[in-house]
Amino acid sequence: EVPALCKGLPSRSSSVGLARVAFLVAPMRRMLTQEMHQALLATGRWPLDPTGASAASAQREASQARALRLCSGLLRLQRVDEAQSGMESPAPAPSMPSPQVWASAALAVPLIERFHYHFSRHESELCRIDK
């Protein structure tokens, strides 16, 4: 919506509007990602709580609903960023890889952290070439 509105403005105003959108995207992405991680931790299911302690059912459901809303917020923000980027450079480079979905990348962070903990630490028994 916002990039489309900027497109209808005169060229100078359009470039200022697009610059402001670009300025806001990174902090908003960081904030939504952090809030999503907190909501997921509150569910006790992502990442799975190893102690077995879990939140009450109503609290867990509220946390899951909040995490889903934050995922959809990240998706909307990514669409705004892609629309804004497309307006700045209408012809994407053919060698560009397909972009990642920000919400999926945020969901993968706990898995990546645990993988590095178990397999990439020098102190780990699993961090050996022969295994």
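How many helices and strands does the secondary structure of the chain come to? The chain comes to 4 helices and 0 strands, where helices (H or I, at least four residues) and strands (E, at least two) are DSSP runs numbered from the N terminus. This is a predicted model, in which local features need pLDDT of at least 70 and side-chain atom pairs count only at pLDDT 80 or more, while totals for chains, interfaces and linings use all residues. Residues are numbered from 1 along each chain as its sequence is written, and side-chain values use heavy atoms, with hydrogens and water left out.

**Confidence**
- The mean pLDDT of the chain is 82, and 85% of its residues reach 70 or more, pLDDT being the predictor's confidence in each residue, from 0 to 100.
- Among the elements of the chain, the lowest mean pLDDT (77) belongs to helix α1 (residues 2-7), and the highest (90) to α2.
- Where pLDDT is low, the predicted coordinates should not be read in detail.

**Burial and contacts**
- Of the 131 residues in the chain, 24% are buried (buried is under 20% relative accessible area, exposed over 50%, partly exposed in between, with a 1.4 Å probe and protein chains only).
- Among contacts (heavy atoms within 4.5 Å) between residues at least 6 apart in sequence, 67% join residues at least 24 apart.

**Salt bridges**
- The structure holds 2 salt bridges, each defined as a side-chain nitrogen of Lys or Arg within 4 Å of a carboxyl oxygen of Asp or Glu.
- In one of them, the side chains of E35 and R66 meet at 3.4 Å, N to O; because E35 lies in helix α2 and R66 in helix α3, this pair ties together parts that are 31 residues apart in sequence.
- E35 is partly exposed at 25% relative accessibility, and R66 is partly exposed at 30%.
- The side chains of E123 and R121 also meet in a salt bridge, at 3.8 Å, N to O; E123 is exposed at 61% relative accessibility, whereas R121 is partly exposed at 29%.

- D81, found in helix α3 (residues 57-88), is buried yet has no salt bridge, and the nearest side chain of opposite charge, R29, is 6.6 Å away (Lys and Arg count as positive, Asp and Glu as negative; His and the chain ends are not counted).
- Not counting residues up to four places away in sequence, D81 touches V25 and W102.
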